[in-house]
Amino acid sequence: MGGILRTNPEASPRESVLGSQLKPILPALLIGLLALWSGTFAGAASSAGAAATQLAVLGFFIFGVREWRDPLRLGTKGRWLVPALLAVVGLSWWLSPVSRAGRIGLVLLPVFLLIPAAVSFCWSNERLRWRGQAAMSLVVLLVAGLAILDRLYFGSPRAASPLGHHTLLAGWLVLLLPLVLGSGFGSTVRKWLAIATGAVGLAALALTGSLLGGLVAWVQVVIAIFWWRLPRRWLAVPILALALLLLPRLGLVAEGLDASARARAVYMEAGLEGIEQRPLLGWGPGSTPWTIAEFTKPIPDLNPSSEIIGDLHSLPVQIGYETGLLGLALSCLLVLLFLAARISEVESDQGSMRKPAFLGFLGGVLFSFGAAPLAVPALPAAAAVVAGACFPRQRRDRDQHALSKPYAAVYLLAAVVLLLPTVLAHRLYDLARIDPEVETSIKRLESAVALDPHFPLYRARAAWLKADKSVSRSAAKDALLAAEQARGLAPLWLEAGYLGLQVDAIWAPAALETASRLDPLSSLAAYHCMTSQPSIPQAIDWGSRALSAEPGFAKARFWRDHPGLAESVGRTTGIRPETWPLNDESRLVALAMVLDKDPSLSFSLYAFRRSPWPGAIAPVELIMPLGTKP
């Protein structure tokens with residue numbers, strides 16, 4: 001026992017205190033911070049959460065930079081892959097038509113690649129690893145417990161809290177559960193903590209209802225049985241039970257009747273078409289939500305109108321879409337070499353300390369084929385920590401003062417310079433969002449635009465607020481510029497075209513046609529296309545699409561001034577537009593697209609990773625009888 005508890009005789013008293021108290025729990029603190037707040041689906045969208053996440057991962061850079069030459073320990077033949085991948089991602093970003101979308105990810109990518117080395121530093125010996133994994137168990141137990149409470153007590157349809165989405169929670173659990181279950185070897189306390197965490201974690205995973213998470217967990221259990229030679233009779237029951245739970249859903253998928261699987265196929269087909277357009281370097285890191293609508297072919301009654309696709313639900317497809325086939329090839333090769341390098345190390349680990357971590361990382365790799373949660377920092381951070389837990393031990397480095405290296409100080413300074421304006425602009429957006437004074441909100445948004453001029457949402461929101469008071473050419477032009485910056489977001493084009501119509505801008509019809517092309521199921525976009533060019537033959541098609549999707553448009557005021565078009569559209573659709581004028585027995589009401597009303601479907605969250613800000617755009621005037629509810 002004395003040999004286990006002996007500290008490093010060469011360490012100073014300060015280093016001994018750090019090593020025995022704080023250092024081993026730093027990975028758990030990072031995972032807990034991100035999973036419980038700053039790195040969740042909603043938390044990462046707030047300015048405070050985004051800033052906290054950036055500070056937290058930059059702090060880990062200090063510990064991981066000691067192994068900057070080979071942060072993933074791929075050896076002499078593989079260490080070139082990391083700088084090659086960084087170069088490709090950087091070049092893809094430079095050539096991207098929406099480079100602002102990937103700026104923060106590009107700045108922080110080197111830090112995420114160094115987190116595994118930082119974890120190795122924090123768990124530099126077995127005693128520190130035991131403490132670190134015990135702390136990790138407590139974090140997983142807390143997160144899983146909150147998820148179960150959310151599902152059973154608060155009535156959520158699926159376990160999703162605190163991460164904010166059931167698929168995200170399932171992916172997070174399959175990454176970390178093997179790691180914390182593996183910490184149960186040794187003392188009785190660790191054993192019971194691991195059992196409790198495993199039971200609660202598996203229950204939370206089941207309550208997510210994630211088919212992908214269930215399949216990956218099933219594969220992990222099967223691998224564990226043969227790898228550890230565990231008692232197969234004892235584990236046969238949960239394996240069979242899990243298989244029985246998954247079979248009905250798998251049957252629906254096989255028959256093409258599962259709505260989720262069919263929707264994923266739509267996203268992946270769009271990603272593959274985008275890869276064909278820019279095969280070598282892709283559309284740029286982070287570009288998916290801003291550009292993918294150009295290639296999406298939504299299916300009526302499956303895909304909702306005005307759907308914002310935040311990711312392609314397959315990490316390999318998304319990497320190929322954003323960084324091209326070159327980036328995809330380097331990423332796959334890097335993962336394969338990492339797995340190959342670790343498998344030989346964990347096989348020789350007699351204490352079974354690193355096999356569970358390897359199993360968790362392998363589960364994350366399998367999970368990534370059906371999910372792409374890069375925009376939610378809790379998932380990539382968990383994957384990086386689990387990757388570091390696979391390392392056998394910390395490498396000794398003569399220079400223990402990482403920041404004494406010029407390259408480390410230069411990187412940190414550059415990161416602060418690049419990230420600080422975006423953080424301040426994000427904060428101004430959050431303040432404008434909750435400010436009751438419209439004038440103050442506009443000024444805050446204009447300041448945000450000055451700090452981060454290429455982020456479309458700030459410019460668009462400022463233009464919309466100005467237009468609510470009085471539509472001007474400058475407001476309409478700003479709305480158009482925001483739409484051009486985002487390139488593939490139909491709501492921005494729709495509102496820009498609508499505002500352009502109000503000031504008779506020559507570009508307004510083209511903007512509305514772009515909105516309709518990007519969102520072919522939108523009745524509102526089709527309606528405004530019709531009103532922008534009512535005299536051309538295609539107006540009948542637009543009007544028919546709009547009226548078929550939204551019969552309420554039959555009461556639109558527009559028909560009173562265009563009875564011929566109303567008659568043609570009525571013959572096509574079988575729905576007769578009403579052409580009587582506004583009188584004392586009727587009133588005008590507005591039918592509009594309301595953005596961010598439902599946080600789970602929020603335009604701002606999915607498209608821009610910003611907190612929801614409810615608001616209506618592109619209204620249609622309807623004539624309704626007095627006393628009726630629109």
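**Figure 1. Lining of the largest cavity in the predicted model.** The lining of the largest cavity divides into 12 nonpolar, 3 polar and 2 charged residues; Ala, Val, Leu, Ile, Met, Phe, Trp, Tyr, Cys and Pro count as nonpolar, Asp, Glu, Lys and Arg as charged, and the others, Gly among them, as polar. This lining comprises 17 residues, and Ala-293, Glu-307, Ile-309, Leu-518 and Asp-519 lie nearest the cavity centre. The space inside is about 190 Å³. A cavity is a set of points, on a 1 Å grid over the protein atoms alone, where a 1.4 Å probe fits but cannot get out, and lining residues have an atom within 4 Å of a point. Grid points are joined across faces, edges and corners, and a volume is the space filled by probe spheres set on the points. The model is predicted: local features need pLDDT of at least 70, side-chain atom pairs count only at pLDDT 80 or more, and totals for chains, interfaces and linings use all residues. Residues are numbered from 1 along each chain as its sequence is written, and side-chain values use heavy atoms, with hydrogens and water left out.

**Figure 2. The second largest cavity.** By class, the lining holds 6 nonpolar, 2 polar and 1 charged residues.

**Figure 3. Salt bridge between Glu-273 and Lys-297.** The closest N and O atoms of Glu-273 and Lys-297 are 2.6 Å apart; a salt bridge is a side-chain nitrogen of Lys or Arg within 4 Å of a carboxyl oxygen of Asp or Glu. Glu-273 belongs to helix 12 (residues 259-277) and Lys-297 to the loop between helix 13 (288-291) and helix 14 (315-347), so the pair ties together parts that are 24 residues apart in sequence. Glu-273 is partly exposed at 26% relative accessibility, whereas Lys-297 is exposed at 55%; buried means under 20% relative accessible area, exposed over 50%, and partly exposed in between (1.4 Å probe, protein chains only).

**Figure 4. Salt bridge between Lys-555 and Glu-578.** The two side chains meet at 3.0 Å, N to O. Lys-555 is partly exposed at 25%, and Glu-578 is buried, with a relative accessible area of 16%.

Key. On a 1 Å grid over the protein atoms alone, a cavity is a set of points where a 1.4 Å probe fits but cannot get out, and a pocket is an open set with protein on both sides within 12 Å along at least five of seven lines; lining residues have an atom within 4 Å of a point. Helices (H or I, at least four residues) and strands (E, at least two) are DSSP runs, numbered from the N terminus.
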